[in-house]
Amino acid sequence: IKVKKMKLTIVSPEKILYQGEAESVTVPGAKGEFEVLDQHAPIISSLQAGKLRYKAGDTVQMQISGGFIDVAGNEVSICVEE
């Protein structure tokens, strides 16, 4: 079974934290946690403090203090404050 993947870029004001493919991304949205999968509908949301997780082979998680997520055309861009 081939797992569908999307392009994921996670940046902080200081540096690029991750750039590559991911199977899923889970973020602490302003109105609660939500997950983004392959071919997700376009969305822009602010993020609150919490855990950001993404699956790119292994599952990676990081603590963030806020930020924004932009999903469009199977590309996910996240700007975070660590």
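Predicted model: local features only at pLDDT ≥ 70, side-chain atom pairs only at ≥ 80, totals over all residues.

Visitor: Okay, lysine 55 then. Which strand does lysine 55 lie in?

Guide: Lysine 55 is part of strand 6, which covers residues 50–56.

Visitor: And what is in contact with lysine 55, if we skip its neighbours within four places in sequence?

Guide: That would be Ala22, Glu23 and Ser24. Take serine 24: along the chain it sits 31 residues from lysine 55, yet their C-alpha atoms are separated by 5.4 Å.

Visitor: Is lysine 55 buried, exposed or partly exposed?

Guide: Its relative accessible area is 31%, so lysine 55 counts as partly exposed. The cut-offs are under 20% for buried and over 50% for exposed.

Visitor: What does the side chain of lysine 55 have a polar atom 3.5 Å from?

Guide: The backbone oxygen of glycine 57.

Visitor: New topic: rings. How many aromatic pairs are there?

Guide: The count is one aromatic pair. Tyrosine 18 and tyrosine 54 make it up, with ring centres 4.6 Å apart and 35° between the planes, which makes the pair tilted.

Visitor: Where in the chain are those two tyrosines?

Guide: In distant parts of it: tyrosine 18 belongs to strand 2 (residues 16–22) and tyrosine 54 to strand 6, 36 residues apart.

Visitor: Are they buried or exposed?

Guide: Tyrosine 18 counts as buried at 18% relative accessibility. Tyrosine 54 is buried too, with a relative accessible area of 7%.

Visitor: Leu52, hmm. What else is leucine 52 in contact with?

Guide: Again leaving aside neighbours within four places, the list for leucine 52 includes Ile10, Val27, Val60, Met62, Ile78 and Val80.

Visitor: Now the core. How many residues does the largest nonpolar core have?

Guide: It has 19 residues, and Leu8, Ile10, Leu52, Ile69 and Ile78 have the most contacts inside it. Elements giving two or more residues to this core include strand 1 (6–11), strand 4 (32–37), strand 7 (58–64) and strand 9 (75–81).

Visitor: Why would nonpolar side chains be buried together?

Guide: I can only give you the general pattern: in soluble globular proteins, nonpolar side chains tend to be buried together.

Terms used. Residues numbered from 1 in each chain as written. Heavy atoms only, no water. Helix = DSSP H or I, 4+ residues; strand = E, 2+ residues; numbered from the N terminus. Buried < 20%, exposed > 50% of the residue type's maximum accessible area, 1.4 Å probe, protein only. Contact = heavy atoms within 4.5 Å. Polar contact = N/O pair within 3.5 Å; in protein donor to acceptor, adjacent residues only side chain to side chain. Phe/Tyr/Trp six-rings, centres within 6.5 Å; stacked < 30°, edge-to-face > 60°. Core = buried A, V, L, I, M, F, W, Y, C linked by side-chain atoms within 4.5 Å.
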